[in-house]
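Have a look at the chain below, and keep the 3D view open while you read. The notes that follow take it one topic at a time.

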Amino acid sequence: MKHGKQSPCPEEPDIRLMVQFATMRMEFVACLTAAMVFVQDVARRRLCEVTVAAAHYTDLPRLPNERLYLLP
């Protein structure tokens, strides 16, 4: 199932993000830059745990508000 949204940085690879809260797990894809900024933000805030994997996953939704992680 393709979710239809394209990467805001099509020249970058997509990264799989597995986000684990205490009782909930979510999975997304994001472009490399947005994924790196997201992981750093989560680590700083300690909201949850994030695992990353480098591969193409067309069946996963894109990270919500992915473009915001690309802003300076």
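Where is the place of Arg 46? Arg 46 sits in the loop between H1 and strand S3 (49–54). Bear in mind that this is a predicted model. The backbone at Arg 46 deserves a glance, with a positive phi of about 55 degrees even though Arg 46 is not a glycine. As background, most residues other than glycine have a negative phi. Arg 46 counts as exposed because its relative accessibility is 73%.

Asn 65 is another residue to check on this point: its phi is near 60 degrees, a positive value in a residue other than glycine. Asn 65 lies in the segment after S3. With a relative accessibility of 55%, over the 50% cut-off, Asn 65 therefore counts as exposed.

## A nonpolar patch on the surface

Which residues form a nonpolar patch on the surface? They are Phe 21, Met 24 and Leu 47, and together they have about 290 Å² of accessible area.

Met 24 comes from the loop between strand S1 (14–20) and strand S2 (25–31). Its relative accessibility is 44%, so Met 24 counts as partly exposed. Leu 47 is in the loop between H1 and S3, and at 55% relative accessibility Leu 47 counts as exposed.

Now for some empty space. Rolling a probe the size of a water molecule over the atoms shows where such space is left. The second largest pocket has a volume of about 160 Å³. It is lined by 13 residues, and those closest to its centre are Phe 21, Phe 38, Val 42, Leu 63 and Tyr 69.

Which elements give two or more residues to the lining of the second largest pocket? The answer is S2 and helix H1 (32–45). H1 gives the most, with four residues. Sorted by class, the lining of this pocket has eleven nonpolar residues and two charged ones, with no polar residues.

## Salt bridges

Side chains of opposite charge can pair when their charged atoms come close. How many salt bridges does a search of the whole structure find? The search finds six. One of them pairs Arg 16 with Glu 27, the closest N and O atoms being 2.3 Å apart. This pair links distant parts of the chain, with Arg 16 in strand S1 and Glu 27 in strand S2, eleven residues apart. Arg 16 counts as buried because its relative accessibility is 18%, under the 20% cut-off. Glu 27, at 23% relative accessibility, counts as partly exposed. Glu 27 also forms a salt bridge with Arg 25, where the closest N and O atoms are 3.5 Å apart.

Then look at Glu 66 and Arg 62, whose side chains meet in a salt bridge at 2.7 Å, N to O. Are these two buried or exposed? Both Glu 66 and Arg 62 are buried. They belong to a network of salt bridges that links Asp 14, Arg 62 and Glu 66.

## Pairs far apart in sequence

Cys 9, in the segment before S1, counts as buried because its relative accessibility is 12%. Cys 9 and Cys 31 are 22 residues apart in sequence, and their C-alpha atoms are 6.2 Å apart in space.

Asp 59 is found in the segment after S3. Its relative accessible area is 44%, so Asp 59 is partly exposed. How far apart in space are Asp 59 and Phe 28, and what separates them in sequence? They are 9.2 Å apart, C-alpha to C-alpha, and 31 residues apart in sequence.

Notes
Residues numbered from 1 in each chain as written. Predicted model: local features only at pLDDT ≥ 70, side-chain atom pairs only at ≥ 80, totals over all residues. Heavy atoms only, no water. Patch = residues over 30% accessible without salt bridge, like charges linked within 9 Å, V, L, I, M, F, W, Y side chains within 5 Å. Areas by Shrake-Rupley, 256 points an atom, 1.4 Å probe, with all protein chains shown as cover. Salt bridge = Lys/Arg side-chain N within 4 Å of Asp/Glu carboxyl O. Buried < 20%, exposed > 50% of the residue type's maximum accessible area, 1.4 Å probe, protein only. 1 Å grid on protein atoms, 1.4 Å probe; cavity = no way out; pocket = protein on both sides within 12 Å on 5 of 7 lines; lining within 4 Å. Points joined across faces, edges and corners; volume = space filled by probe spheres on them. Nonpolar A, V, L, I, M, F, W, Y, C, P; charged D, E, K, R; others polar.
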